[in-house]
Amino acid sequence: MKKTKITCIEAGTSFLSFHLLPQVVTDMDRGDRIIACYSNLLLSVSIGFLLFSVVSSQIPLGSKLTVEENNYWFSSNKDYAIGFLNFSDQYSFGVRFNAIYIPSSEQAAIWTAGWNVKVSSKAYFELSLTGEMILGSLTSYYSLHMNVSGEMQLRWETSIIYWTVGGPKSAVRAILGSDGILQLLDQQSQAVWSVYGEDHNDSDVKFRFLRLDSDGNLRIYSWENNAASWRTVWQAIINQCDVFATCATNGICTLNASNSYVCWCPFRSTRDSNSECLIPYKPSCESGSSMILHEHMYLYGIYPPNNTVVQTNLQQCRSLCQKDPSCHASSFINNGTPQCHMMNSRYVGGQSYPSLGSVTFIKTCSDPIAVLPPPVPAPRKVSQKICVACLLEVAAASIVVFVMLQFSIGVYLFRRRKHMMQKSALPHRVPNATGCIVFSYSEIKDLTDNFKQQIGQNVFKGLFPDNRLVAVKDLNASIDERRFRAAVLKIGSIYHKNLLRLDGYCCESGRRLLVYELAKYGSVDKCLEEPRMCKRLTWRKRMDICLSVARAISYLHTGCREFISHGNLKCENVVLDDELEAKVSEFGLRTIQAEASSSGGLAETDVRDFGKVMVVLITGCQNADEACYWSYEKWVKAEKEMAMDQRIVVGADSEELERALRIAFWCLQGDERMRPSMGEVIKVLEGTLTVDPPPPPFAHNQQWPPDEESPSESYSALGGVHAICTSTNFT
């Protein structure tokens, strides 16, 4: 009996890939069936482990799976099954987990034949006697591609690319490793791009998979034994509204209070019972058209998925669409270049939320409304006498009212025109763009009210038109324009929950400014100085801050496309948001202010600076160098409790305090080769990695003259630096 072979290998219990051997030819008839022809003699669904034995199940030619029979083909160890998967009484063909210790309700799909492709209850999958694999009914909107340049892309209907990643070299394959790292590899199997799941390198995770979900987002899932459920540990697109046609023709994508997306229709008539959200304009309008303005909204055509783009201003964008009978709507954006996107179809999608700067005009028909004519008043007799004085009084009053009315209208129009000109000139964020907003220097002055409120060294408070607060940092340095723009675009493309987001920049006439999101409570050093805020910085919160900073620096070192050093990590550059979550600011400025030739030594410098931040948070002493020497002296004398900030009401667990001090002193080692990586620091702070007692951290690079006192001796002579720090903190 002839058989054909398929091999499915799971690398190290978490990577899944499909290898069709020896040659695969795929013929897809849209809406009909998919046929895969193979030339080998054995069909084998093989699921195994890298460096371990590979198990397989042989499927004879002529075998058949159907929805009605609900039958599956299993791997020999029963951990995986292939067949028709039930999604709320809708069926797709694919592979799912089948391990006995994963509940049946949580046996997630690993792969399907075109995600979100549904088949009828009569569908079947057959391995024919001629070696063909046949499946009925296929259509799909979203797909994952590897293009000829070696970039991985997410597409909508194969033509619209809404997410792209790649490296400096061309990749030939993608792999999700057993360590939870998704990579693009070149022909030499070297990583050219990589991204890390939240639980990467967690040895307790036994199963992971990568899936393109029905909402068009690519995600990595991990199985959590304790919770007995699948957890999302990474997704390609953070804001779901940035996925093309998320709401299809059902409305505009927006974010609710919980930051989840919802679809709503801002221009559906109350008399319209149609479930689709279509623009209420028809080219056959007999009475002309009007344009309705929607702020903070961006639209794009879905059918067809293309727009006419014109470089013009806000008012012209409105006028051009209104004069064009085929135009249904237009969206104006300004990302350094003002653009008008005009749509020639009722079928549109888009997004809308307060931080989005785009302005959209929706065209509607100005159909007349029939009204009854007013009743004709009955004639009445009027006295023929004329009161001249009355006429003069009425005329004078009318003139005064007219002049005042004209003056008020003039002032209103002037202010509105000035406001609209400023608003149209302000940059508008382009959806799906990876870069930053480009500001002119005059716009920066408008945002900051001419640099009125200074909140830090060369840092000023600003306000966007949507009332969102920002911080504007003046670099006050002469930096080459090309290098500055390249560095800013690199920094602006970095997203992590513990890194302060860069919203935009100014590069004009020698001025170099950066625009960041504004954290509500400011920097950690100021919070330590302010008594009310310091009281909120409990021991647990301080350790959470240390862990958040460690994760942020680790992401800069290993989570980005290329290594990025912070270069100036200190408590002044760690800020707290409205939930007291820590965010690291001013990262990557080394790439702007000075060229860094390699990552050598820069990572170790960040580790040392992180150690100082930890010591400041533990001791409460703002002088980092003094606090490091003094706290180490207390630790050596087994007086570690004396090193902790006495303003902390509820003390730390002795074991946790010991662990925190040990890892801080390892980070401060004078010999940078002895310092740990930030990944190791995270594991120690999480309690998943033990840490040995460190050697003296300052012996390698600090030699004190014999006629001078060492810092520790001078501190002891002063009665202890801790007394100095705490007394300062309480004043």
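Leucine 685 touches Cys546, Leu547, Ala550, Phe610, Met614 and Ile663, leaving aside residues up to four places away in sequence; contact here means heavy atoms within 4.5 Å. This is a predicted model, where local features need pLDDT of at least 70 and side-chain atom pairs count only at pLDDT 80 or more, while totals for chains, interfaces and linings use all residues. Residues are numbered from 1 along each chain as its sequence is written, and side-chain values use heavy atoms, with hydrogens and water left out.

Now zoom out from that leucine. The largest nonpolar core has 77 residues, and the members touching the most others are Phe484, Leu514, Ile545, Ile592, Phe610, Met614 and Leu685. Helix H7 (residues 539-559) gives this core its largest share, 10 residues. A nonpolar core is a set of buried Ala, Val, Leu, Ile, Met, Phe, Trp, Tyr and Cys residues joined through side-chain atoms within 4.5 Å. Buried means under 20% relative accessible area, exposed means over 50%, and partly exposed is in between (1.4 Å probe, protein chains only). Helices (H or I, at least four residues) and strands (E, at least two) are DSSP runs, numbered from the N terminus.

Apart from the 77-residue core lies another core of 34 residues, including Val165, Val195, Cys241 and Tyr298.

Cys241 takes us to the disulfides. Cysteine 241 pairs with cysteine 253, with the sulfur atoms 2.0 Å apart. The pair links distant parts of the chain, 12 residues apart: cysteine 241 sits in the loop between strand S22 (229-235) and strand S23 (252-255), and cysteine 253 in S23. The torsion about their S-S bond is about -75 degrees, so this disulfide is left-handed. Cysteine 241 counts as buried because its relative accessibility is 1%, and cysteine 253 counts as buried at 1% too. A disulfide, by the rule used here, is a pair of cysteine sulfur atoms within 2.5 Å, and that rule gives a count of 5 disulfides.

Another one joins cysteine 265 to cysteine 277, S to S 2.0 Å. This pair also links distant parts of the chain, 12 residues apart, with both cysteines in the loop between strand S24 (261-264) and strand S25 (289-295). What is the handedness of this disulfide? The torsion about the S-S bond is about 85 degrees, so the disulfide is right-handed. Both cysteine 265 and cysteine 277 are buried.

Further along, cysteine 321 and cysteine 327 are joined with an S to S distance of 2.1 Å. Their torsion is about -95 degrees, so this disulfide is left-handed, and each of the two cysteines is buried.

Cysteine 507, on the other hand, is in no disulfide: the nearest cysteine sulfur, in cysteine 506, is 7.3 Å away. Cysteine 507 counts as buried, at 10% relative accessibility. As for cysteine 628, the closest cysteine sulfur belongs to cysteine 621 and is 9.3 Å away, too far for a bond. At 2% relative accessibility, cysteine 628 counts as buried.

Last stop, the surface. Tyr141, Tyr303 and Tyr347 make a nonpolar surface patch of about 290 Å². Tyrosine 303 lies in the loop between strand S26 (297-301) and strand S27 (308-310), and counts as partly exposed because its relative accessibility is 35%. Patches are made of residues with over 30% relative accessible area and no salt bridge, with like charges joined within 9 Å and nonpolar side chains (Val, Leu, Ile, Met, Phe, Trp, Tyr) within 5 Å. A salt bridge is a side-chain nitrogen of Lys or Arg within 4 Å of a carboxyl oxygen of Asp or Glu. Accessible areas come from the Shrake-Rupley method with a 1.4 Å probe; for residues, only the protein chains shown count as cover.
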